[in-house]
Amino acid sequence: ETKRLVKDLQIHQIANSHIVVNQLVKGSMSNEEAESLVSLLDGNELVNKFKKCNRLMAARQSIQQSYLENLTTAEETEGITVVPLPLMPAEVTGAQRLEKFSGML
């Protein structure tokens with residue numbers, strides 16, 4: 001979608017110097033790290049929930065990383081700065097959160 005948008009902007013001669021990619025999952029545990037932790041507490045229902053959650057987050061992170069790499073190496077985005085931003089724990093609304101978020105740009 002983003003590459004298509006960049007092409008459309010170029011066709012209409014609309015300048016674009018940056019692409020902000022937000023809500024990226026960061027810092028999920030590797031499968032090895034998760035299994036190591038799980039082995040300490042095996043059998044606990046909470047541990048099973050953790051395993052499922054971590055698998056989901058790790059899968060999402062992997063998919064997003066693939067898309068991000070594709071975007072940063074695409075011919076359509078050559079010369080455009082891609083700014084990756086993490087998934088925030090809350091919606092970015094209000095002056096205080098917007099100020100904190102803008103510091104990440």
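**Figure 1. Helix H3 gives the most to the lining of the largest cavity, with 4 residues.** The model shown here and in the other views is a predicted one. Searching the whole structure turns up 1 cavity of 30 Å³ or more. The largest cavity has a volume of about 30 Å³. Its lining is made up of Leu 24, Val 25, Lys 26, Gln 61, Gln 64, Gln 65 and Leu 68. Sorted by class, these lining residues are 3 nonpolar, 3 polar and 1 charged.

**Figure 2. The largest pocket has a volume of about 360 Å³.** Its lining consists of 14 residues, and those nearest the centre of the pocket are Thr 2, Val 21, Tyr 67, Leu 68 and Leu 71. Two or more lining residues come from each of helix H1 (2–11), strand S1 and helix H3. Helix H3 gives the most to this lining, with 7 residues. By class, the lining of the largest pocket has 8 nonpolar, 3 polar and 3 charged residues. Leu 68 also belongs to the lining of the largest cavity.

**Figure 3. The second largest pocket holds about 200 Å³ of space.** The residues that line this pocket are Val 20, Asn 22, Gln 23, Pro 86, Leu 87, Met 88, Ala 90, Glu 91, Val 92 and Phe 101. Strand S1 supplies the largest share of the lining, 3 residues. In this lining, 7 residues are nonpolar, 2 are polar and 1 is charged.

**Figure 4. The largest nonpolar core has 8 residues in all.** Its members are Val 6, Ile 19, Val 21, Leu 24, Leu 68, Leu 71, Ile 80 and Val 82. At least two residues of this core come from strand S1 (18–24), and at least two from helix H3 (45–73). Strand S1 gives the most to the core, with 3 residues. Among the core residues, Val 21, Leu 68 and Leu 71 are also found nearest the centre of the largest pocket. Leu 24 and Leu 68 are among the residues that line the largest cavity.

Figure 5. With neighbours within four places in sequence left aside, Ile 19 is in contact with Thr 2, Val 6, Leu 71, Thr 77, Ile 80, Thr 81, Val 82 and Val 83. Thr 2 is one of the residues nearest the centre of the largest pocket.

**Figure 6. Thr 77 sits in the loop between helix H3 and strand S2 (81–86).** Is Thr 77 buried or exposed? Thr 77 counts as buried because its relative accessibility is 3%, and the cut-off for buried is under 20%. Not counting residues up to four places away in sequence, Thr 77 touches Val 6, Ile 19, Leu 71 and Thr 72.

**Figure 7. Glu 35 is part of helix H2 (residues 31–40).** Glu 35 counts as partly exposed because its relative accessibility is 42%, which falls in between the limits of 20% for buried and 50% for exposed. Glu 35 and Lys 51 are 16 residues apart along the chain, and 8.1 Å separates their C-alpha atoms.

Terms used: Residues numbered from 1 in each chain as written. Predicted model: local features only at pLDDT ≥ 70, side-chain atom pairs only at ≥ 80, totals over all residues. Heavy atoms only, no water. Buried < 20%, exposed > 50% of the residue type's maximum accessible area, 1.4 Å probe, protein only. Core = buried A, V, L, I, M, F, W, Y, C linked by side-chain atoms within 4.5 Å. Contact = heavy atoms within 4.5 Å. 1 Å grid on protein atoms, 1.4 Å probe; cavity = no way out; pocket = protein on both sides within 12 Å on 5 of 7 lines; lining within 4 Å. Points joined across faces, edges and corners; volume = space filled by probe spheres on them. Nonpolar A, V, L, I, M, F, W, Y, C, P; charged D, E, K, R; others polar.
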